[in-house]
Amino acid sequence: MKILAVEDDVVSRAVLRKALRRLGHETIEAADGEAAWELLQKNTDVRVVVSDWTMPNTDGLELCRRIRKRVGAEYTYFILLTGRDATEENQTTAADAGVDDFL
């Protein structure tokens, strides 16, 4: 399965890439939500996005909102990674943006 890994920290993105590839997935990568959005326009076969929440330019929530607004596209699962506490407020904010899972 093709997975888009979106993380602004180079080391964290490398760790994520390695873990996903070890599980047998093909990965493409972006350093922020804007770059990820551009990649999604070209790679319509991406079925999962694993994204950091806090990034420069376009953050993970805005990226998720854009993905959810696409018309006619196949469903893309969105997993949000964050160092933020799993408070009810943060979980609600993520769910309202369309996030499928919150880690």
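**Start at Thr-82**

Select Thr-82 and show its surroundings: leaving out residues up to four places away in sequence, Thr-82 touches Asp-52, Trp-53, Phe-102 and Leu-103 (contact means heavy atoms within 4.5 Å). This is a predicted model, where local features need pLDDT of at least 70 and side-chain atom pairs count only at pLDDT 80 or more, while totals for chains, interfaces and linings use all residues. Numbering starts from 1 along each chain as its sequence is written, and side-chain values use heavy atoms, with hydrogens and water left out.

Thr-82 sits in the loop between strand E4 (77-81) and helix H4 (88-97); helices (H or I, at least four residues) and strands (E, at least two) are DSSP runs, numbered from the N terminus. Is Thr-82 buried or exposed? Buried, at a relative accessible area of 18% (buried is under 20%, exposed over 50%, partly exposed in between, with a 1.4 Å probe and protein chains only).

**Out to the sheet**

Now color the strands. You get an open sheet of five in the order E2-E1-E3-E4-E5, paired parallel (two strands pair if DSSP finds at least two bridges between them). Its edges are E2 (26-30) and E5 (101-102), each pairing on one side only.

Next, pick E1 (residues 2-6).

**Last stop: a helix**

Select helix H3 (residues 60-69), which lies across E1, E3 and E4.

How values were computed: Axes are lines fitted to C-alpha atoms, for helices over the stretch in contact, and angles run from 0 to 180 degrees between N-to-C directions.
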